[in-house]
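Trainee: I would like to learn how to read disulfides and a sheet from a set of coordinates. Could we work through one case?

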Amino acid sequence: MSRRPGLLALLLLLSAIATSAALNLAFTLPLLLLGLSLLAFSQVWWLRRWKSARDGTLILGMTAVMAGLAFSAVNAARSGWFDALKPRPSVPVRPPAPVATRKDGDQASQKPVPKPMQQVLVIDEPGKHVADYGTSASEGAWVSGPEESLGYRYRNGLQPLKAKLLGQTSGRTIYDVVYSFDERGNRASSQPSDPLAQPLVVFLGGSFMFGEGLNDQETLPSLFSMAAGRPVVNAGMHGYGTHQAYRLLDDPVTYQKRIGDQPVDLAVYRMIGDHANRASGRYSWDRHGPCYQLSAEGKPQYQGSFLRCGKRWGFHNAASNILQTLSNSAEPFTRDMAQTWDRALTERRNQRRHFELIVGMRAKAVARGADFIVVNETLSPARTPAADGRYGCSVDQQSVDFGNGLRALGVKVLDTHQVLSLEQCYEGTWITPGDGHPSAAANRQLARVLAEELKLSPRFGQ
């Protein structure tokens, strides 16, 4: 009888460890089981001899149980488990336009005014992919692993992928497009009639450059090709950051596979603020991505994949590694909390690496005989409108300051807020409503300005 509490405590402790490892949980069920284990352990006969130790174990156990229940409730709420208890919100519709009433003396033969159609408003809701992209139908479309220099990529010669995103609550179609690819696994782009007659223009970046939610001819590289009459390569990819853009220019083998032998006279990198975090290896989708650390001289040095360079020493690195592990938890509250703390701990170092990678990109481009420019996403529009139908929109001063720092070192930077008007941003012109990625209209404006401004460059004019 006296050994049963100890055996129960051991089983509960093992269960806590098993659930944490198998279910990727941290502060919900594992913490609850740990608390129960401590409560059972407090009843072991030999611990009862020391009242202070027994009371301390009881208090720790009760605290862990209460904390586990609290974290479970918070995470369940964040996961939407309690949504069934809430009244289902009705989808708002635009009110019908006022119709002028006919007075008694008006002609009876006047044509009736057609009944206005109800237009569904854009609401803040999660999206659901229902076509090839983002579903099981696209399995095998890309390859990833430590042998991939960029971490992951689309397969060479991939067949077109349909991409359709619906709002989970309203069922509204957010976008319905097709992604096509060239023989090297890059996003297909519009090209001039003789693409081999002139040097290439290479476009680098993440989903903004790839053209998430847009057809092939609506991406920035395609619209630039139409405006400037230049052949282009769209090497952008969902989830890519500064490190992949730099790696593509840095590694001769990767450059040859994605770009080839055709001369390049311009490289364009489309930057968003989150690229600094991506280059730190924070995100789970990029575990095999290229890891760059800064040398004592402040120059980027390739360290292999993030999995290889993740074993680092020191308090900040150890704390960051723990927080990055928690940021991949299946518990949404735990995941968000860990990501917030990790950003606070590593933001300055990530920004410096981000900065040096971009400066290094310019040097790599120049070494290949190409000019280099950064499209700096300084405009921050909301992806859904407010109650009055207008979209929140502001200029990100931190991004502006970052761009000014690059200019001070001779890097050409095009701030998007200098090209895209705030008034049209309030109207939702520059994004795909409900998704938040740049619209074809935004890309068209940027392509026109890029084509006009870069014709002044000596390299571009040759």
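Trainee: How many disulfides does the count come to?

Mentor: In general, a disulfide is a covalent bond between the sulfur atoms of two cysteines. This is a predicted model, and with a cut-off of 2.5 Å between sulfur atoms the count comes to two disulfides. With the bonded cysteines numbered in sequence order, the pairing reads 1-2, 3-4.

Trainee: What is the handedness of the disulfide of Cys 291 and Cys 309?

Mentor: The sulfur atoms of Cys 291 and Cys 309 lie 2.0 Å apart. The torsion about their S-S bond is about 100°, so this disulfide is right-handed. It links distant parts of the chain, 18 residues apart: Cys 291 belongs to strand 9 (residues 290–294) and Cys 309 to helix 9 (residues 306–309).

Trainee: And Cys 393 and Cys 425: are they buried or exposed?

Mentor: Both Cys 393 and Cys 425 are buried. Their sulfur atoms are 1.9 Å apart, and the S-S torsion is about 90°, so this disulfide is right-handed. Here the bond joins strand 13 (residues 391–395), holding Cys 393, to helix 13 (residues 422–426), holding Cys 425, across 32 residues.

Trainee: Over how many bridges do strand 4 and strand 5 pair?

Mentor: Strand 4 (residues 161–167) pairs with strand 5 over six bridges, in the antiparallel sense. Lys 164 stands opposite Asp 176 of strand 5.

Technical notes
Residues are numbered from 1 along each chain as its sequence is written. This is a predicted model: local features need pLDDT of at least 70, side-chain atom pairs count only at pLDDT 80 or more; totals for chains, interfaces and linings use all residues. Side-chain values use heavy atoms; hydrogens and water are left out. Two strands pair if DSSP finds at least two bridges between them. Helices (H or I, at least four residues) and strands (E, at least two) are DSSP runs, numbered from the N terminus. Buried means under 20% relative accessible area, exposed over 50%, partly exposed in between (1.4 Å probe, protein chains only).
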